[in-house]
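Please look over the structure below.

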Amino acid sequence: MPAACIGCLQADALPFKFSMAFQPIVDIRKGVIYAYEALVRGTAGEGAGTIFAQLNDENLYAFDQQCRVKAIELASELGLMSTDARLSINFMPRAIYEPRACIRLTLATSRKCAVPPERLIFEFTESEVVDTAKLCSILTVYNELGFKTAIDDFGAGHSGLSLLADMTPGIIKLDMALIRNIDTSRSRHSIVRHLLAMAREMAIDVVCEGVETAEELAFLKELGAELVQGYYLSRPAFEHLPGPGEINGLG
């Protein structure tokens, strides 16, 4: 049996437990919740660092698998499917041995919880990319299965534009360093304006992360940004899906 299949069978073998918080991604043009990003937390709401500190090469695969399961199951229990929002889940490309084998548990959980693939987004960060060819094969499989894919923290590393030359994700999430103080920074204004234009030309959706002030949000609206995420709108909510009335500007 291939190693990937053995890994799938042992995907519940984690020496620790964890839970999730959910932070909304808001479509400010339509005034609706576009998606909820699932963020790892300890079982009592502790920060993600307390969980990541326990990861190693032996449990990384099981953790990646269980993050998907936990996010889908918990979001389903909290009423995701009574909304029109998607669920965004972070994944680790280096924890995927073979895309079609390693997606089996995710698909089974999706079916069990009646969360169709088109309601799921899988995010990876630029810093996680170690093999572009492998990542392309993962994204190809995910796209064929109906999932959306996203590059998180886009602009924080050095390979973002070259990645877009080799692959086309459905979404790029602009790193918060590009959004912070955008209302007073000419350089950030110029960079984000051109990135939005490039993404439109490539038919890629853009999420502006890290929005923390009303001024930043207003400036992004003027630039034509549609999807935003950040503390100004809503902080991550532990084991809860914030409704429109809990999101600044939607209630």
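What follows is a short tour of selected features.

This is a predicted model.

Helix H3 covers residues 60-77. Its 18 residues should span 26 Å at 1.5 Å a residue, and the end C-alpha atoms are 26 Å apart, so expectation and model agree. Most of H3 is covered: 14 of the 18 residues are buried. After the helix comes Gly79, with a positive phi near 100 degrees.

Two packed helices are described by the angle between their axes and the distance between the axes. For H3 and helix H5 (residues 104-112), the axes come within 9 Å and cross at roughly 10 degrees. Angles under 35 degrees count as roughly parallel, so H3 is roughly parallel to H5.

Which residues of H3 meet H5? They are Gln65, Gln66, Arg68, Val69, Ile72 and Glu73. On the H5 side, the partners are Leu105, Thr106, Thr109, Ser110 and Lys112. The contact of H3 with H5 draws on three nonpolar, five polar and three charged residues.

**Two buried residues**

Ser88 sits in strand S3 (residues 86-90). Its relative accessible area is 1%, so Ser88 is buried. Beyond residues up to four places away in sequence, Ser88 touches Tyr36, Glu37, Ala38, Ile121 and Glu123.

Leu164 belongs to helix H7 (residues 160-166). Leu164 has 6% relative accessibility and therefore counts as buried. With neighbours within four places in sequence set aside, the contacts of Leu164 are Ile151, Phe154, Pro169, Ile172, Met198, Met202 and Ile204. Met202 lies 38 residues from Leu164 in sequence, yet the C-alpha atoms are 9.4 Å apart in space.

Most residues other than glycine have a negative phi.

Where does Asp153 lie? Asp153 is in strand S5 (residues 148-154). Ala203 is in the loop between helix H9 (186-201) and strand S7 (205-208).

Note on methods:
Residues numbered from 1 in each chain as written. Predicted model: local features only at pLDDT ≥ 70, side-chain atom pairs only at ≥ 80, totals over all residues. Heavy atoms only, no water. Helix = DSSP H or I, 4+ residues; strand = E, 2+ residues; numbered from the N terminus. Expected span 1.5 Å × (residues − 1). Buried < 20%, exposed > 50% of the residue type's maximum accessible area, 1.4 Å probe, protein only. Axes fitted to C-alpha atoms, helices over the stretch in contact; angles between N-to-C directions. Parallel < 35°, antiparallel > 145°, perpendicular 65-115°, else oblique. Contact = heavy atoms within 4.5 Å. Nonpolar A, V, L, I, M, F, W, Y, C, P; charged D, E, K, R; others polar.
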